[in-house]
Amino acid sequence: MPQLDTSTWFTTVLSTTITLFILMQLKISLHNFPHTPSVKSVKLMKANNPWESKWTKIYSPLSLPLQ
């Protein structure tokens, strides 16, 4: 049974890695990113909910007196 020749694997893996790195750098360098991000003003708006105008009290069943 013949042996697998692995003498060129290092060169192949290294060249593939370098090529992929260069391709990714080129793809990223051609991408347009915003230089200065703008700050958006956030205004807090209070919603008028009908349940906020009423006073309600919720009783837990465990806090009710025993009958």
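Which residues make the nonpolar surface patch of about 820 Å²? The patch is made by Phe-10, Leu-14, Ile-18, Leu-20, Phe-21, Ile-22, Leu-23 and Leu-26. Its members have over 30% relative accessible area and no salt bridge, with nonpolar side chains (Val, Leu, Ile, Met, Phe, Trp, Tyr) joined within 5 Å; a salt bridge is a side-chain nitrogen of Lys or Arg within 4 Å of a carboxyl oxygen of Asp or Glu.

This is a predicted model, in which local features need pLDDT of at least 70 and side-chain atom pairs pLDDT 80 or more, while totals for chains, interfaces and linings use all residues. Residues are numbered from 1 along each chain as its sequence is written, and side-chain values use heavy atoms, without hydrogens and water.

The chain has one helix and zero strands (DSSP runs of H or I, at least four residues, and of E, at least two, numbered from the N terminus). Helix H1 spans residues 9-29 and contains Leu-26, which is partly exposed at 46% relative accessible area (between 20% and 50%, 1.4 Å probe, protein chains only).

An unreviewed UniProt entry annotates residues 6-24 as "transmembrane region", an annotation that may be inferred rather than shown by experiment. That segment is 84% helix.

Definitions and conventions
Patch = residues over 30% accessible without salt bridge, like charges linked within 9 Å, V, L, I, M, F, W, Y side chains within 5 Å. Areas by Shrake-Rupley, 256 points an atom, 1.4 Å probe, with all protein chains shown as cover.
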